[in-house]
Amino acid sequence: MATATNLRPMRETRLRKQTSLPRPVTPFPALFPQVEDAEAMWRQTSASHLKATFRRIASLLLTNLHGDTAAAEFESFAHTSTELGESSTAVILGQLVISTPRPVGTALIVSAPSCDPRTVVENVAAALAARNCVELALFEQPEPALAAMIEALRQALPTGVFRVLSEQTGWGGRGPETAIVILTPDHSFLNDQPWVRSDATSNRRALISFYSRFENVPVLL
């Protein structure tokens, strides 16, 4: 009995090491207080809040060996973002209108295998800058640059705003407010009936507009 008693602490220690799990990642507390509906909060977030979040993402990426390119993209979009619902005038079919951008809801981004990781990062950043939730569909192991972005977004964003879909998680979307975006090396396509096309060379503001819906109110002269 004495021998068995002496061995018990060693067995418990070894079991504890084998079954220990990493601590869950929590959102950056200064940016995201604990709220019940973080997705709704994200869709209404201010430009200053979004900029602070993107800079937090960029700083996390810079701690990763493969995160430099993605960090530059998020820093760039931090400078490009505007206030939610910031209106402008436009002429549509000869009619002067006040045009106000709104989030599409959720952007389900599916990239072709030939897509450069930077293209994927740029589109994820643009979709988030437009205040959408983002689902990134992965059909294979992500390249290091994408893996770095995924890890940074999981740390910096509130739960539910960004998630990865794969065979392991299933392919279910969030419902009718999900916009499916197909990325190719040269174009991005969005199922907005009819399909909207965005060139890969689009500037930052144009790409944010690509991930937005616009409410157009005629101006009565």
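Helices here are DSSP runs of H or I with at least four residues, numbered from the N terminus. By that numbering, A70 lies in helix 4. The model is predicted.

## Overall make-up

The protein chain holds seven helices and nine strands. It has 221 residues, and buried residues make up 40% of them.

## The nonpolar core

The largest nonpolar core has 47 residues. Seven residues have the most contacts inside this core: F54, F74, I109, V124, L128, M149 and Y211. Which helix gives the core its largest share? Helix 5, residues 117-129, supplies eight residues.

I109 is one of the residues with the most contacts inside the core.

N123 is found in helix 5. Is N123 buried or exposed? Its relative accessible area is 2%, which is under the 20% cut-off, so N123 is buried. Beyond four places in sequence, N123 touches I109, L183, S188, L207 and Y211.

Leaving out residues up to four places away, A70 touches L61, V121 and M149. M149 is among the residues with the most contacts inside the core. A70 and A148 are 78 residues apart in sequence. In space their C-alpha atoms are 8.1 Å apart.

## Aromatic pairs

The structure holds two aromatic pairs. A pair of aromatic rings is described by the distance of the centres and the angle of the planes. The values are set out below.

| Pair | Centre to centre | Angle between planes | Geometry |
|---|---|---|---|
| F54 and F74 | 5.1 Å | 70 degrees | edge-to-face |
| F210 and Y211 | 5.0 Å | 85 degrees | edge-to-face |

Why does the F54 and F74 pair count as edge-to-face? Its planes are 70 degrees apart, and the class takes angles over 60. This pair links distant parts of the chain. F54 sits in helix 3, residues 47-61, and F74 in helix 4, residues 68-80. The two are 20 residues apart. Both are buried.

The F210 and Y211 pair is edge-to-face too, at 85 degrees. F210 counts as buried because its relative accessibility is 8%, under the 20% limit. Y211 is buried, with a relative accessible area of 0%. Y211 is also among the residues with the most contacts in the largest core.

## The second largest pocket

The second largest pocket has a volume of about 230 Å³. How many residues line this pocket? There are 14. S111, A112, P113, E140 and L146 lie nearest its centre. By class, the lining has ten nonpolar, two polar and two charged residues.

## Individual sites

Most residues other than glycine have a negative phi. R131 is not a glycine, yet has a positive phi of about 70 degrees. Where is R131 found? It is in the loop between helix 5 and strand 4, residues 133-137. R131 is buried, with a relative accessible area of 3%.

S212 lies in strand 9, residues 212-218. S212 is buried at 11% relative accessible area. Apart from neighbours within four places in sequence, S212 is in contact with P101, R102, V104 and A130.

S48 lies in helix 3. Its relative accessible area is 54%, over the 50% cut-off, so S48 is exposed. S48 and A78 are 30 residues apart in sequence. Their C-alpha atoms are 9.0 Å apart in space.

Note on methods: Residues numbered from 1 in each chain as written. Predicted model: local features only at pLDDT ≥ 70, side-chain atom pairs only at ≥ 80, totals over all residues. Heavy atoms only, no water. Core = buried A, V, L, I, M, F, W, Y, C linked by side-chain atoms within 4.5 Å. Buried < 20%, exposed > 50% of the residue type's maximum accessible area, 1.4 Å probe, protein only. 1 Å grid on protein atoms, 1.4 Å probe; cavity = no way out; pocket = protein on both sides within 12 Å on 5 of 7 lines; lining within 4 Å. Points joined across faces, edges and corners; volume = space filled by probe spheres on them. Nonpolar A, V, L, I, M, F, W, Y, C, P; charged D, E, K, R; others polar. Phe/Tyr/Trp six-rings, centres within 6.5 Å; stacked < 30°, edge-to-face > 60°. Contact = heavy atoms within 4.5 Å.
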